[in-house]
Amino acid sequence: MAQETHTAAAAGTWTLGDLTVNRLGFGAMRLTGSAAFDLGAARGRDRSIGVLRRAIELGVNHIDTASFYFSSLRSANELINSALAPYPDDLVIATKVWPARDPSGDWWWATPEQLRGQVEENLRQLGRDHLDVVNLRVPPSRGSGSIAEHFGALAELRDAGLVRHLGVSNVTPEQLAEAQAIAPVVCVQNAYGIGAPAHEQELLRSCGEQGIAYVPFFAIAGAGREAGASTADSAAVLAVARAHDATPAQVRLAWTLRQGPHVLAIPGTGDPDHLVENVAAGALRLSDDEVSALTEDATPSS
């Protein structure tokens, strides 16, 4: 499996508003280093640009990024601009706002009035006159609190033509409903993978019923989050990987895509070989028994 070259089209497609994307996309967070932000070793600029161009060659037409994806040496948005502009007509670039980092790398969270500046920062870095999709990334401290003011500010930017479609990230069902009452939501971007809690599985199903794309992050990394996946995989994941001559990461991605036709995947890497493997996961077909075994292997909490 890992030795064959597949394209992202093998995963099928989904439509974000009026934008059709292959369900196997690309996350830009690890373009700047071996781990996100300044957590890992720096990557060579030419290597990262090569990975982006190779992703397009492999049929990837959905890239997830953010202006706060930068290290001391690299900016993901700048790399995307340098590698891919002028952009292919079918390329959809999604970004996210609310969190931000100052030049020293310290985090801060925008007020509703500051979201326009964040959108404009992404526009400048990417060299675009509008953003295809902007996700409102809700801070952990907000929990189940209201997001109406922030989402309403983004809806105004959509009305002004700076943003084409809106999504939400790190949200509860109640926050999703609150956003939908203000403006259409084309995607939900939450942490999800094998062993996801029951309440997140229910949100994924609800999104499918509503025709909303569900876009998991950390589908491979899991609890490792920004630092990346651990080297330990469960017996079930390893057994399925052996059966398909695949890597554990490919199995995790294939399982994620099997959760519904509305589920997208945005695995990130700065390694060209890992990119080929990740894209190939879209062609990996797990049996119902294998999906069940992987699901039951981790007992989710409610």
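Reply: Elements come first: helices are DSSP runs of H or I with at least four residues, strands are runs of E with at least two, and both are numbered from the N terminus. The model is a predicted one, in which local features need pLDDT of at least 70 and side-chain atom pairs pLDDT 80 or more, while totals for chains, interfaces and linings use all residues. Residues are numbered from 1 along each chain as its sequence is written, and side-chain values rest on heavy atoms, with hydrogens and water left out.

Me: Where does W98 lie, and what is its phi?

Reply: Most residues other than glycine have a negative phi. W98 is placed in the loop between β5 and β6 (99-101), and its phi is near 105 degrees, a positive value in a residue other than glycine.

Me: Is W98 buried or exposed?

Reply: Buried means under 20% relative accessible area, exposed means over 50%, and partly exposed lies in between (1.4 Å probe, protein chains only). With a relative accessibility of 2%, W98 counts as buried.

Me: What is the phi of N170, and in which loop does N170 lie?

Reply: N170 also has a positive phi, near 65 degrees. The loop that holds N170 runs between β9 (163-169) and α5 (173-180). The relative accessible area of N170 is 29%, so N170 is partly exposed.

Me: Which residues does the cis peptide bond join?

Reply: Most peptide bonds are trans. Here a cis bond links A85 to P86, with omega at about -5 degrees. P86 belongs to the loop between α2 (76-84) and β5 (92-97).

Me: How many bridges pair β8 and β9, and which residue is the partner of V134?

Reply: Six bridges pair β8 with β9 in the parallel sense. V134 has L166 in β9 as its bridge partner, and V133 stands opposite H165 of β9. β9 is mostly covered, since six of its seven residues are buried.

Me: Which strand does β1 join, and do they run parallel or antiparallel?

Reply: β1 (residues 13-16) and β2 (residues 19-22) run antiparallel and are joined by four bridges. T15 faces T20 of β2 across the pairing. The two strands make a hairpin with two residues between them, and G17 in the turn has a positive phi of about 65 degrees.

Me: Which residues of β1 are on the covered face, and which on the uncovered one?

Reply: In a regular strand the side chains alternate between the two faces of the sheet. In β1, W14 and L16 make up the covered face, whereas T13 and T15 form the uncovered one.

Me: How many aromatic pairs does the structure hold?

Reply: Rings of Phe, Tyr and Trp (its six-membered ring) pair if their centres lie within 6.5 Å; planes under 30 degrees apart count as stacked, over 60 as edge-to-face and the rest as tilted. By that rule the structure holds six aromatic pairs. One of them is F37 with W107: the ring centres are 5.2 Å apart and the planes stand at 85 degrees, so this pair is edge-to-face. F37 is in the loop between β3 (26-27) and α1 (45-57) and W107 is in strand β7 (residues 107-109), so the pair ties together parts 70 residues apart in sequence. F37 is buried, at 12% relative accessible area, whereas W107, at 42%, is partly exposed. F68 and Y69 form another edge-to-face pair, 5.4 Å centre to centre with 85 degrees between the planes. F68 and Y69 are both buried. Ring pairs connect F37, F68, Y69 and W107 as a cluster.

Me: Over which ring does the charged end of R101 sit?

Reply: A charge sits over a ring if NZ of Lys or CZ of Arg is within 6 Å of the ring centre and within 35 degrees of the ring normal. The charged end of R101 is over the ring of F70, 4.0 Å from its centre. R128 lies over the face of Y87, at 5.0 Å from the ring centre.

Definitions and conventions. Pairing = 2+ DSSP bridges.
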